[in-house]
Amino acid sequence: MMRKIAIGMVAVALLAVLLAWSGPRLVKAVSPPSVSRLPVTQVKRGDVTITVTAKGELAGGHTEMLAAPMTGGGQMAITYLRDPGEPVSAGDVVVRFDTTEQEYNLKESEADLAEAEQQVIETQADNQAKEEETRYALLQAKTDVRTAELEARRNPILADIAARENTLALEAAKDHLRQLEHDAANRQATSAAAVAIQEASRNKAKVKAQTARQNIENMELKTKAGGYVSVMSNTNTNFFMTGMQFPTLQVGDTVRAGMSVAQIPDLHNWEVTASIGELDRGHLSVGQKVQVTIVALPGQSFNGTIKDIGGTMGAPWDRHFDCKIALEQVIPGMRPGMSSNIVITTGTLPNSLWLPSQALFESDGRTFVYLETPAGFTPRDVQLVRRSESQVVLTGIKEGQVVAMANPSQESQNAQGNSQKGSAMKALSK
């Protein structure tokens with residue numbers, strides 16, 4: 001009896017080993033081969049609302065730009081700068097520049113002005129002294145003429161020689177007087193010219209001093225209206241690479257004359273700047289209504305209006321344009337830089353056939369879909385009516401027909417490649 005039990009236990013053990021060795025192969029042989037199935041969808045009919053969606057960034061509107069003053073085109077060092085995002089009121093100082101050079105120019109100009117003023121005073125004093133001398137010489141000459149005339153009256157009773165001497169003396173006195181009067185007129189014009197030259201030098205020095213004072217005043221940038229500070233990037237560099245990110249300006253950096261340093265967006269007027277694909281540009285226009293949601297303010301939706309549509313830019317495979325949207329509502333929780341989502345409804349097409357955008361293909365000027373037929377998926381030409389980011393409205397196909405959302409030949413090649421890769425891995429594992 002014990003011998004039969006032992007033989008039965010050995011038989012059971014052998015059967016278990018046999019099943020463990022052949023079970024997976026038996027299951028694999030019985031199981032049907034796996035089939036790679038294409039993603040498909042059906043053609044639907046209904047009212048299609050065409051919308052444009054994009055992500056944007058919140059910023060203040062009515063931006064006031066603060067730029068480095070024009071002080072001769074030299075480099076200016078920043079000595080004071082408000083922190084980015086810091087709120088400011090009208091009249092607050094936002095940026096100061098180093099005024100050492102301008103203060104030196106001011107002192108030189110003031111010294112030149114003081115010297116020029118002294119030169120004017122000295123020239124005027126010299127002219128007055130010369131005028132007094134000329135006046136005295138004229139009086140003396142007139143006296144000499146009067147004396148000579150009195151002596152000439154005695155000529156009838158004098159000898160011919162004495163009378164002749166008196167006549168010659170009178171003519172000489174009159175000639176001397178005429179010469180002094182002519183010299184006095186010339187000397188007066190010369191004196192006026194000398195004073196004018198010194199006054200011109202004084203005015204030049206005065207203008208230089210005023211310019212230096214104005215430059216010093218201009219090197220302190222103040223905001224005209226309240227808002228917050230947005231510091232600009234430091235582009236004052238001789239090195240640039242594609243994709244390079246410039247750091248923001250900070251105290252100690254140098255800037256060029258006319259270079260933008262900071263901007264002050266208005267906290268009472270907000271706008272969203274969004275980057276939108278080139279495909280949707282033809283559906284947008286200035287004044288169009290927009291729905292905006294701010295990520296940091298969930299549960300709230302804001303109305304907006306397209307304010308400006310920028311130019312298209314970017315690589316050929318990623319063309320896009322900037323769209324500025326002015327918000328109609330303002331709440332205290334808004335802050336610059338908040339991420340926003342925008343939705344623009346561009347129109348509704350009633351009772352239209354539509355598919356997801358992935359199901360439409362274009363090649364060699366053709367627009368087609370891969371339609372499911374008894375022979376497999378075959379290309380079927382269609383006419384595109386309207387395209388959005390997620391939907392296409394088309395004709396040339398019927399409601400309920402099944403189309404592929406991927407290229408069947410490409411999917412077949414991928415499946416074949418995966419199968420060959422799996423066989424190679426199995427061969428390596430043996």
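**A walk through the strands**

At 17% relative accessibility, Thr346 counts as buried, because the cut-off for buried is under 20%. Keep in mind as you look that this is a predicted model. You'll find Thr346 in strand E14, which runs over residues 339-356. Its side chain makes a polar contact with the side chain of Arg386, at 3.4 Å. Leaving aside neighbours within four places in sequence, Thr346 is also in contact with Ile50, Thr51, Val52, His283, Leu284 and Gln288.

Let's zoom out for a moment. The chain has four helices and 20 strands. Of its 430 residues, 30% count as buried. Now think about contacts between residues at least 6 apart in sequence: 75% of these join residues at least 24 apart.

Back to E14, then, and on to Ile342. Which residues touch the most other members of the largest nonpolar core? They are Ile276 and Ile342, in a core of 24 residues. Several elements give two or more residues to this core: E2, E10 (260-277), E11, E12 (301-313), E13 (320-327) and E14. Not counting residues up to four places away in sequence, Ile342 touches Val52, Thr53, Ala54, Val272, Ala274, Ile276, Val290, Gln291, Val292 and Ile325. There's a second, separate core too, with 20 residues, including Val95, Phe97, Met259 and Val261.

Next stop is strand E2, which covers residues 44-67 and holds Glu64. Is Glu64 buried or exposed? Glu64 counts as buried because its relative accessibility is 16%, and the limit is under 20%. The side chain of Glu64 makes a polar contact with the side chain of Thr223, at 3.1 Å. Besides Thr223, and setting aside residues up to four places away in sequence, Glu64 touches Lys222, Lys224, Ala225, Ala262, Gln263 and Ile264. Here's another pair to find: Glu64 and Val229 sit 165 residues apart in sequence, yet their C-alpha atoms are 9.9 Å apart in space.

Which element gives the most to the lining? That would be E2, with five residues. The elements that give two or more residues to the lining are E2 and E10.

Finally, how confident is the predictor in all this? The chain averages a pLDDT of 80, and 85% of the residues score at least 70. Confidence is highest in strand E11 (residues 289-294), at a mean of 92, and lowest in helix H1 (residues 2-30), at 54. Over residues 26-36 the pLDDT is below 50, and beyond near neighbours in sequence this stretch has two contacts in the model. Residues 424-430 also have a pLDDT below 50, with one contact beyond near neighbours in sequence. Where pLDDT is low, the predicted coordinates should not be read in detail.

Notes. Residues are numbered from 1 along each chain as its sequence is written. Side-chain values use heavy atoms; hydrogens and water are left out. pLDDT is the predictor's confidence in each residue, from 0 to 100. Contact means heavy atoms within 4.5 Å. Buried means under 20% relative accessible area, exposed over 50%, partly exposed in between (1.4 Å probe, protein chains only). A polar contact is a pair of N or O atoms within 3.5 Å; within protein, one must be able to donate a hydrogen and the other to accept it, and residues adjacent in sequence count only if both atoms are side-chain atoms. A nonpolar core is a set of buried Ala, Val, Leu, Ile, Met, Phe, Trp, Tyr and Cys residues joined through side-chain atoms within 4.5 Å.
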